[in-house]
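Dear colleague,

Please find below the structure that I am handing over to you. A summary of the findings follows it.

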Amino acid sequence: MTSYGDGMVERVTELAKQPIDLALDAAPISGSLKDLVQIVNGHPQHVLTVSDFAAAVELGVRTSYGELHTARYDVVGDFAGYAADGKLTIPVAKTFELDEWRSAVEISQSGGAHGKLILLPDSD
């Protein structure tokens, strides 16, 4: 796991220890799509974002919503397969009971979660 921001390309390259074929951007808009395109050897169609749609249009990155040419349901199966094979993991930073949602929002907005924040359903 690594964070977005300065030096991300180098960190990801070092962690992967091999060429990276595809990248999924699921973070809040961070201005990192250019870095992700660089990570996948300059192929913008090898990056899928679910958040930064404006930059995706500018860079030619895939999106999961939008115009006809950007509805990329065809890659969802690929990413699901990678997850099933353990090649794609989503780090969980912390789980919260539903009534602790305010704490989760504060951590999310701080940008310091370093993984996904999960709200758990009530056990009633």
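How many of the 124 residues of the protein, as a percentage, count as buried? The share that counts as buried is 25%. Please bear in mind that this is a predicted model.

As to the overall architecture, the protein has 5 helices and 5 strands. Read from the N terminus, these elements follow the order α-β-α-β-α-β-α-β-α-β. The protein exposes about 8500 Å², of which carbon and sulfur atoms supply 55%.

On the surface there is a patch of negative charge, in which Glu97, Asp99, Glu100 and Asp122 gather. Of these, Glu100 is placed in the loop that runs between strand E4 (92–97) and helix H5 (101–110). Glu100 counts as partly exposed because its relative accessibility is 36%, a value between the limits of 20% and 50%.

Two backbone angles also deserve mention. Most residues other than glycine have a negative phi. Lys17, however, has a positive phi, near 60°. Lys17 belongs to the loop between helix H1 (8–16) and strand E1 (23–25), and its relative accessible area of 71% makes Lys17 exposed. His114 likewise has a positive phi, near 55°. The loop between H5 and strand E5 (116–120) holds His114, which is exposed at a relative accessible area of 52%.

With kind regards

Conventions
Residues are numbered from 1 along each chain as its sequence is written. This is a predicted model: local features need pLDDT of at least 70, side-chain atom pairs count only at pLDDT 80 or more; totals for chains, interfaces and linings use all residues. Side-chain values use heavy atoms; hydrogens and water are left out. Patches are made of residues with over 30% relative accessible area and no salt bridge: like charges are joined within 9 Å, nonpolar side chains (Val, Leu, Ile, Met, Phe, Trp, Tyr) within 5 Å. Accessible areas come from the Shrake-Rupley method with a 1.4 Å probe; for residues, only the protein chains shown count as cover. A salt bridge is a side-chain nitrogen of Lys or Arg within 4 Å of a carboxyl oxygen of Asp or Glu. Lys and Arg count as positive and Asp and Glu as negative; His and the chain ends are not counted. The place of a charge is taken as NZ of Lys, CZ of Arg, CG of Asp or CD of Glu. Helices (H or I, at least four residues) and strands (E, at least two) are DSSP runs, numbered from the N terminus. Buried means under 20% relative accessible area, exposed over 50%, partly exposed in between (1.4 Å probe, protein chains only).
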